[in-house]
Number of protein chains: 2
Amino acid sequence: MIERHLAKLRARATVSAEEEAAIRSSLGEIREFAADEVVVPALKVQDHSTMLLDGFMCRFKDLRNGKRQITELHVAGDFADLHSFTLKYLDHDVIALTPCRAALVPHANLRRITEQFPHLTRLYWFSTNLDAAIHREWELSLGQRTARARLAALFSELQIRLQIVGLASDTSFDLPLTQTDIAECMGLTNVHVNRTLRNLKEDRLVEFEGRRLTILNKAELWRAGDFDPRYLYLDGNGTAPSLGP
Amino acid sequence: MIERHLAKLRARATVSAEEEAAIRSSLGEIREFAADEVVVPALKVQDHSTMLLDGFMCRFKDLRNGKRQITELHVAGDFADLHSFTLKYLDHDVIALTPCRAALVPHANLRRITEQFPHLTRLYWFSTNLDAAIHREWELSLGQRTARARLAALFSELQIRLQIVGLASDTSFDLPLTQTDIAECMGLTNVHVNRTLRNLKEDRLVEFEGRRLTILNKAELWRAGDFDPRYLYLDGNGTAPSLGP
DNA sequence: CGGGTATTTGATATAGGTCAAGCATAGTGG
DNA sequence: CCACTATGCTTGACCTATATCAAATACCCG
């Protein structure tokens, strides 16, 4: 059930049996979310965090004119809003992009962890810092990368994050997002994403059919995206998979 | 000496006398940095974090072609790299934008805090989550705001962050950044920043002369930037309900 | 099989980039 | 005290990556 979450943690650090038990006993209700359902509304005080078990969620912020920026994608094993534990309410919404299943973790239980398990606390702190590292990489994409490089970097990131939790092979994975979703991640329009995708396909870097992404040439994809996976912090002592080329 | 740091924390939560003492006793060496000096090099393992006492620092990432994205600005009172405590090394550089003074805080001392002061630990965790909230707001700027709105939002953010630590009045503050620095924050060119600044000046929203920014019409500036300060989490003022005792 | 959603394509527009030059300013050293 | 250099600011002319608008498919799912 929380194997993907444990896999994500163990890709970066050791989690003891005691800590694993503490995590398991912190779980509350299991909930399902429909696609497009709001998981965490902005500005509403929270008393729990949401551990994503299955499906894709995202965080986004928007402007008065309706333009929306997705600030991070979440995959199975991620906490979508662990930061609500210290922030109490979020400055953004979290929604399900696909049908999802999640475990709700009461903040009271997280607080008990901070009082009894300093190492696990630091690991969860690390986990929110990893979210921030992803935000920074996206800032780099949004501010400086071309459209082509943004998509290449995004796909490269997702392949690794999904592989860690057993949802991607070395070269392919299900990516049930629309081109509009991708556009909202990378600050582009759906039309331009469509054209840029075609361009990546024509160059035989990726294929994207039936909501499945296949990486045809990972070395070139990384190069096209100026992608350096070190911001994902996978060199810890865990079970990090081989990172390829 | 660390009054600005305490002011920043106390703008969000209560800090007890004991906790204040713990912070003070965690301080190590005081260091000065010249403008442009590297404060924390990317990818190098750190054994301390850097509490900025005076001056402006920034975090940035760059691409092969030399294009650089500043991902966050740091002002007096901020930890520039508190996240290095859990991450061990950073995915980005930290440099001084102006001459700076900083207190180095050994990670060993931070670890002691996590073992003895759970509430203060949560407060520092909060603090890195606040950095992430700023990253998200910048993602929104970089992905969706016009150049004019980006500058308006940036100036609005800085006025508040600086006022909290006593370095800004309601309407003005020293902003010792070049137009190129500002451009690298907001994903623009220095030329376009220059033109956009003129535009803001012509509309009597701000003045920017001699490295001092004056806000002439804050309501209009906030409106121009689609600025909503709630992402800065300033409503806990002193009472700390969100972080518990 | 029908209706909403997603993708694709074409034509055109524009915000912001690039290149280039001229000024202003401030520190430096003779 | 004044060239001298370096750095930053300003402005103009032109360019391009990406947006916008619009319309035609394609694709699901009920």
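**Stop one: the cysteines**

Begin by selecting A:Cys100 and A:Cys58, whose sulfurs are 9.7 Å apart, too far for a bond, although A:Cys58 holds the closest cysteine sulfur to that of A:Cys100. A disulfide is a pair of cysteine sulfur atoms within 2.5 Å, and the structure holds 0 of them over all chains. Now move to B:Cys100, which is in no disulfide, with the nearest cysteine sulfur, that of B:Cys58, 9.7 Å away. B:Cys100 counts as buried at 4% relative accessibility, where buried means under 20% relative accessible area, exposed over 50% and partly exposed in between (1.4 Å probe, protein chains only).

This is a predicted model, in which local features need pLDDT of at least 70 and side-chain atom pairs count only at pLDDT 80 or more, while totals for chains, interfaces and linings use all residues. Residues are numbered from 1 along each chain as its sequence is written, chains are lettered from A and ligands numbered from 1 in the order in which they are written, and side-chain values use heavy atoms, leaving out hydrogens and water.

**Stop two: where the chains meet**

Next, show both chains together: the contact (heavy atoms within 4.5 Å) takes 55 residues from chain B and 52 residues from chain A. Finally, select A:Arg122 and B:Glu115, whose side chains meet in a salt bridge at 3.6 Å, N to O; the term means a side-chain nitrogen of Lys or Arg within 4 Å of a carboxyl oxygen of Asp or Glu. Between chain B and chain A the count is 8 salt bridges.
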